[in-house]
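I opened this notebook to record what I looked up in one structure. I went through charge pairs, sheet layout, surface and backbone in turn.

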Amino acid sequence: RVLTDQFKTCTVRKRYVALVGGNLGEVGADLEVDTKLRVVSTSRTFKTFVSPKGVPARTTFSPVARAAVAGHPATLVVCALYTGRTHQIRAHAAHLGHPLLGDAKYGGRRLKAAP
């Protein structure tokens, strides 16, 4: 019952851990993205974009550590969602120019499996 009430009142805190391409911000310094997102569909797929015609969406990216993945710089981030839009983290990370690693749909570097 408590969890149901938290979802109804939008007080649930959602946190995710992600690996984004490049060096996103300074470790320990939060970066907030507060934009509007719009889902665009085609006959076979859909994608979410930042758009003035979209719905409000807010994500905070908290860089935790730097890494190198397959010889390329990456940042480990904790993502806090304040809204729950389709592909919100993927769209906001791509909007910042730091798509999720391995997320080719949103511009991320394709990763090869280890031998």
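**Entry 1: charge pairs**

I began at R1, which counts as exposed at 73% relative accessibility. I kept in mind that this is a predicted model.

R1 has a partner. D5 forms a salt bridge with R1, and the closest N and O atoms are 3.8 Å apart. I checked the cover on D5 as well: its relative accessible area is 31%, so D5 is partly exposed.

How many salt bridges does a search of the whole structure find? The search finds 3. I noted the general point that side chains of opposite charge can pair when their charged atoms come close.

Next I looked at E32 and R58. Their side chains meet in a salt bridge, 3.3 Å from N to O. This pair links distant parts of the chain, with E32 in strand β2 (residues 31-41) and R58 in strand β4 (residues 55-69). The two residues are 26 residues apart. E32 is partly exposed at 43% relative accessibility. R58 is also partly exposed, at 28%.

Then I turned to D103 and R90. Their side chains form a salt bridge at 2.6 Å, N to O. R90 sits in helix α2 (88-95) and D103 in the segment after α2, so the pair ties together parts that are 13 residues apart in sequence.

Is D103 buried or exposed? D103 is buried, because its relative accessible area of 9% falls under the 20% cut-off. R90 is partly exposed, with 22%.

**Entry 2: the sheet**

I traced the strands next. What is the strand order in the open sheet? The 5 strands run β1-β5-β4-β2-β3, with antiparallel pairing. The edge strands are β1 (14-21) and β3 (46-50), and each of them pairs on one side only. From one strand to the next, the twist averages 40 degrees.

I reminded myself that strands of a sheet pair through backbone hydrogen bonds, either parallel or antiparallel.

β2 and β4 run antiparallel, and 7 bridges join them.

Which strands does α2 touch? Helix α2 packs on the sheet and touches β1, β2, β3, β4 and β5 (72-81). The direction of α2 makes about 70 degrees with that of β4. R90, the salt-bridge partner of D103, lies in this helix.

**Entry 3: a nonpolar patch**

I looked over the surface for nonpolar side chains. V17, L19, V64 and L76 form a nonpolar patch there. Together they have about 310 Å² of accessible area.

I followed up one member, L76. Its place is in strand β5. L76 counts as partly exposed, at 31% relative accessibility.

**Entry 4: positive phi**

Last, I checked the backbone. Most residues other than glycine have a negative phi.

A70 has a positive phi of about 55 degrees, although A70 is not a glycine. Where is A70 found? A70 is in the loop between β4 and β5. A70 is exposed, with a relative accessible area of 65%.

H87 is not a glycine, yet H87 has a positive phi of about 55 degrees. H87 lies in the loop between β5 and α2.

Note on methods: Residues numbered from 1 in each chain as written. Predicted model: local features only at pLDDT ≥ 70, side-chain atom pairs only at ≥ 80, totals over all residues. Heavy atoms only, no water. Salt bridge = Lys/Arg side-chain N within 4 Å of Asp/Glu carboxyl O. Buried < 20%, exposed > 50% of the residue type's maximum accessible area, 1.4 Å probe, protein only. Helix = DSSP H or I, 4+ residues; strand = E, 2+ residues; numbered from the N terminus. Pairing = 2+ DSSP bridges. Axes fitted to C-alpha atoms, helices over the stretch in contact; angles between N-to-C directions. Contact = heavy atoms within 4.5 Å. Patch = residues over 30% accessible without salt bridge, like charges linked within 9 Å, V, L, I, M, F, W, Y side chains within 5 Å. Areas by Shrake-Rupley, 256 points an atom, 1.4 Å probe, with all protein chains shown as cover.
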